[in-house]
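Hi everyone, thanks for coming.

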Amino acid sequence: MRTGYLLGLTICLISCASIPDPALIALAPAQAAVGQTAGAVTGPDGGRVLLVRRLTIPEYMMSRRVRFWADTGSLAEWPNTSWAERIEIGLAREFVARLRAELPGWTICDATCVQGTPDLILKVDLLRLDVLRGERRIDAIAQIQVATASKNSLAPPAANVSLQTPILSVPIATDTAQGQAQAMAQLLEVVARASASTTQLALPPTDAHP
């Protein structure tokens, strides 16, 4: 009986030793625009200040495991693969970094401005974030809202511009979890460009860029 116990223990140890360490996947970082710092309240050369609320994503994508749609009705996960950080946190941070690159001359406050009042407030919600592995693409829909910040701290911001994008499609170059992460980073660039354009539209005509 002792021999059987030792044999089972040996098999268990061999099996456990053969399990590889989980792969950790992260979004490729964007290079932040020079002169932009989170929490600043005055833009370079007196430029505009934009407060960015945290980007939100669908709950079905909020997982440390890297998920995708296996078919039209079910989600699946890449085996033994996880995000290096919560995906909603990484997406929100990298979105702000890409937005800074799209709005040179602006100061971007990430989540909050430490002092004073920003000129505009941006809120972006990804209503859809569908990784279609079989079709090798990501489909997303973004709800973009820009409001004028009130000088009265007790008054709510006044909505200026609100739009919902059509389906934004980004191809997945390689059928891997890394390829999915690269495509998601590319999607953030598309959403950042749309958000920057919407922000410019929310400016008064005399302040809008030509």
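Let me start with a quick one: in which helix does Val190 lie? Val190 lies in helix α3. Before I go on, a word on where this comes from. This is a predicted model, so to speak: local features need pLDDT of at least 70, side-chain atom pairs count only at pLDDT 80 or more, and totals for chains, interfaces and linings use all residues. Residues are numbered from 1 along each chain as its sequence is written, and side-chain values use heavy atoms, with hydrogens and water left out.

Okay, the overall layout. The protein has three helices and nine strands; helices (H or I, at least four residues) and strands (E, at least two) are DSSP runs, numbered from the N terminus. Starting at the N terminus, the order reads α-β-β-β-β-α-β-β-β-β-β-α. There are 210 residues, and 40% of them count as buried. Buried means under 20% relative accessible area, exposed means over 50%, and partly exposed is in between, with a 1.4 Å probe and protein chains only.

How confident is the predictor? That's pLDDT, the predictor's confidence in each residue, from 0 to 100. The average for the protein is 83, and 75% of the residues score at least 70. Helix α1 (residues 2-17) has the lowest mean pLDDT among the elements, at 51, while strand β9 (residues 168-171) has the highest, at 98. Watch out for residues 32-45, where pLDDT stays under 50.

Back to Val190. With 24% relative accessibility, Val190 counts as partly exposed. Leaving out residues up to four places away in sequence, Val190 touches Leu168 and Val170, and contact here means heavy atoms within 4.5 Å. Val190 and Leu168 are 22 residues apart in sequence, and their C-alpha atoms are 7.8 Å apart in space.

Staying in helix α3 (residues 177-202), we also find Ser195. Is Ser195 buried or exposed? Ser195 counts as buried, because its relative accessibility is 0%. Beyond its neighbours within four places in sequence, Ser195 is in contact with Phe95, Leu99, Leu122, Val124 and Ile144.

Now, how do α2 and α3 meet? Their axes come within 8 Å and cross at roughly 50 degrees. Axes are lines fitted to C-alpha atoms, for helices over the stretch in contact, and angles run from 0 to 180 degrees between N-to-C directions. That makes α2 oblique to α3; angles under 35 degrees count as roughly parallel, over 145 as roughly antiparallel, 65 to 115 as roughly perpendicular and the rest as oblique. Residues making the contact include Leu91, Phe95 and Leu99 of α2, and Leu188, Ala192 and Ser195 of α3.

Gly90 lies in helix α2 (residues 87-102) as well. Gly90 is buried, with a relative accessible area of 2%. Setting aside neighbours within four places in sequence, Gly90 is in contact with Leu27 and Glu85.

Last topic: backbone angles. Most residues other than glycine have a negative phi. Asn80 has a positive phi near 55 degrees and isn't a glycine. Asn80 lies in strand β4 (residues 75-83) and is partly exposed, at 32% relative accessible area. Arg136, also not a glycine, has a positive phi of about 55 degrees. You'll find Arg136 in the loop between β6 (120-132) and β7 (137-148), where Arg136 counts as partly exposed at 35% relative accessibility.
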